[in-house]
Amino acid sequence: MIAKLALLLVCVAVASGNPAAGKPWHWKSPRPLVTPIGPVKSSRIVGGEEATPHSWPHQVALFIDNMYFCGGSLISNEWVLTAAHCMDGARSVEVVMGAHNIRQNEPSQVTMTSTNFFTHEQWNSFNLKNDLALIRLPKAVSFNGNIQAVSLPASDVAVGTIVTPTGWGRPSDSSGGTSNVLREVDVPIMSNADCNAIYGIVGAGQICIDSTGGKGTCNGDSGGPLNHAGKTYGITSFGSSAGCEKGYPDAFTRVNHYLDWIKQHTGVTP
């Protein structure tokens, strides 16, 4: 998809429910993969476990143009924060909120369709800088125990802090597709210097997790949150072309770096 700013369009809601419920899965992951230039630390299977249902009520599923699948985070009752590589060039997106099993129509789920979204103006699909986008819902969603907004971080997160990425991405390289249920994994933040030694494109607007032991994100997790202490510190951006099991770092867009941009477009602040 060509990197460009999607035009703000009129958005509409549909009551069609979860578009994946009861249907063969055909949605693809648009996750960028980068060839490592540095050594890997470990080579074990992807870790993680099924999340307690609705323990991450800001997590949303995005079905884009009936073709691509990503995650995202509710940051207010009308705005979703996700990755630019998910929304770049898209025409419409079905936003499923309150889901745990993404292959079922659960009573907790609320689905809306939006055509009102845009990527960061300086999103670069070649070096993956400024990989974030915003989606405006066609109407405010009503919060409940299964659907809530997540807070933005007023300060950065320290290297070594244990954080929790979440998503419906593939649980291993050998898995046949995305996970039916939302999964989570606890991993430490690593320094940008160490991450950049692996990829060569990591800058101030990105944050990485240390995937030693094979724990991390995979295809289908794009756009989802990097969670810690009730806040989202990152947006799932890219991983290694060597595979999800190899122990290479996973990179996220650093939310704290873009607070002014988010406030400018949504009014949402930490």
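The exercises below work through confidence, salt bridges, aromatic pairs and one glycine in a predicted model.

Residues are numbered from 1 along each chain as its sequence is written, and side-chain values use heavy atoms, with hydrogens and water left out. Local features need pLDDT of at least 70 and side-chain atom pairs count only at pLDDT 80 or more, while totals for chains, interfaces and linings use all residues.

**Exercise 1. Confidence**

Task: State the mean pLDDT of the protein chain and locate stretches where pLDDT is below 50.

Solution.
- Step 1. pLDDT is the predictor's confidence in each residue, from 0 to 100. The chain has a mean of 87, and 87% of its residues reach 70 or more.
- Step 2. Residues 1-15 have pLDDT below 50, and this stretch has 36 contacts in the model beyond near neighbours in sequence. A contact means heavy atoms within 4.5 Å.
- Step 3. Residues 40-46 also stay under 50, with 25 contacts beyond four places in sequence.
- Step 4. Where pLDDT is low, the predicted coordinates should not be read in detail.

**Exercise 2. Salt bridges**

Task: Count the salt bridges and place their partners in the chain.

Solution.
- Step 1. The criterion is a side-chain nitrogen of Lys or Arg within 4 Å of a carboxyl oxygen of Asp or Glu. Under this rule there are 2 salt bridges.
- Step 2. One joins the side chains of Glu78 and Arg136, at 3.2 Å from N to O. Glu78 is in the loop between strand E4 (68-74) and strand E5 (79-82), and Arg136 is in strand E9 (residues 133-136), so the pair ties together parts 58 residues apart in sequence. Helices (H or I, at least four residues) and strands (E, at least two) are DSSP runs, numbered from the N terminus.
- Step 3. For accessibility, buried means under 20% relative accessible area, exposed over 50%, and partly exposed in between (1.4 Å probe, protein chains only). Glu78 is partly exposed at 25%, and Arg136 is partly exposed at 32%.
- Step 4. Arg254 and Asp156 form a salt bridge at 2.9 Å, N to O. Arg254 belongs to strand E16 (residues 250-254) and Asp156 to the loop between E9 and E10, 98 residues apart.
- Step 5. Arg254 is buried at 11%, whereas Asp156 is partly exposed at 38%.

**Exercise 3. Aromatic pairs**

Task: Count the aromatic pairs and describe the geometry of two of them.

Solution.
- Step 1. Rings of Phe, Tyr and Trp (its six-membered ring) pair if their centres lie within 6.5 Å; planes under 30 degrees apart are stacked, over 60 edge-to-face, and the rest tilted. The count is 5 aromatic pairs.
- Step 2. Phe69 and Trp168 are edge-to-face, with 6.3 Å centre to centre and 75° between the planes. Phe69 sits in strand E4 and Trp168 in the loop between E10 and E11, 99 residues apart. Both Phe69 and Trp168 are buried.
- Step 3. Tyr199 and Phe238 are edge-to-face, at 5.2 Å and 80°. Tyr199 is in helix H2 (residues 192-199) and Phe238 in strand E15 (residues 231-240), so this pair ties together parts 39 residues apart in sequence. Both Tyr199 and Phe238 are buried.
- Step 4. Ring pairs also link Phe63, Phe69 and Trp168 into a cluster.

**Exercise 4. Gly169**

Task: Describe where Gly169 lies and which residues are in contact with Gly169.

Solution.
- Step 1. Gly169 is in the loop between strand E10 (162-167) and strand E11 (183-184).
- Step 2. Gly169 is buried, at 4% relative accessible area.
- Step 3. Leaving aside neighbours within four places in sequence, the contacts of Gly169 are Thr178, Ser179, Cys218, Asn219, Gly220 and Asp221.
- Step 4. Gly71 is 98 residues from Gly169 in sequence and 8.9 Å away in space, C-alpha to C-alpha.
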